[in-house]
Amino acid sequence: LLVRIEACGVCGTDRHLFHGEFPCTPPVTLGHELSGIVEAIGTAVSGFSVGDRVTGDPNIACGRCPHCHAGRV
Ligand SMILES: [Zn+2]
């Protein structure tokens, strides 16, 4: 999905990134709790329509650790 971001949160992790206190590879766009409007949909995506209001979970779960298996990704 191509999402036009309408709002995002800036949290403590972003603050640490800004001050170079958290490992990252610049450039990094700050603000990772987001919501917006669907602008375009890729051919491999289903279940969405242009104009839908969406939010995203930017965390990447490993799917293998005990926390993921317990549903706490
Ligand atoms: Zn995991």
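**Exercise 1: a nonpolar patch**

Task: find which residues make the nonpolar surface patch of about 390 Å².

Solution: Leu1, Ile41, Val45, Phe48 and Val50 make this patch. Patch members have over 30% relative accessible area and no salt bridge; like charges are joined within 9 Å, and nonpolar side chains (Val, Leu, Ile, Met, Phe, Trp, Tyr) within 5 Å. A salt bridge here is a side-chain nitrogen of Lys or Arg within 4 Å of a carboxyl oxygen of Asp or Glu. Areas come from the Shrake-Rupley method with a 1.4 Å probe, and for residues only the protein chains shown count as cover.

Now zoom in on one member. Val50 sits in the loop between strand S2 (33-40) and strand S3 (53-56); strands (E, at least two residues) are DSSP runs, numbered from the N terminus. Val50 counts as exposed because its relative accessibility is 57%. The scale is this: buried is under 20% relative accessible area, exposed over 50%, and partly exposed in between (1.4 Å probe, protein chains only).

One note before you go on: this is a predicted model, where local features need pLDDT of at least 70 and side-chain atom pairs count only at pLDDT 80 or more, while totals for chains, interfaces and linings use all residues. Residues are numbered from 1 along each chain as its sequence is written, and side-chain values use heavy atoms, with hydrogens and water left out.

**Exercise 2: a strand residue**

Task: work out what Ile37 touches beyond residues up to four places away in sequence.

Solution: start with the location, which is strand S2 for Ile37. At 17% relative accessibility, Ile37 is buried. Its contacts (heavy atoms within 4.5 Å) are Leu2, Val3, Arg4, Glu6, Gly51, Asp52 and Arg53. Take Arg4: Ile37 is 33 residues from Arg4 in sequence, yet their C-alpha atoms are 5.2 Å apart in space.

**Exercise 3: the zinc ion**

Task: name the protein donors of the zinc ion.

Solution: look for N, O and S atoms within 2.8 Å of the metal (3.2 Å for Na, K and Ca); water is not among the atoms, so sites may look incomplete. You'll find Cys62 (SG), Cys65 (SG) and Cys68 (SG), 2.2 to 2.3 Å from the zinc ion. Their spacing in sequence reads C-x2-C-x2-C. Cys62 is partly exposed, at 39% relative accessible area, whereas Cys68 is buried, at 14%.

**Exercise 4: disulfides**

Task: count the disulfides, meaning pairs of cysteine sulfur atoms within 2.5 Å.

Solution: the count is 0. Check Cys11: the nearest cysteine sulfur belongs to Cys8, 9.9 Å away.

Note on methods: Helix = DSSP H or I, 4+ residues; strand = E, 2+ residues; numbered from the N terminus.
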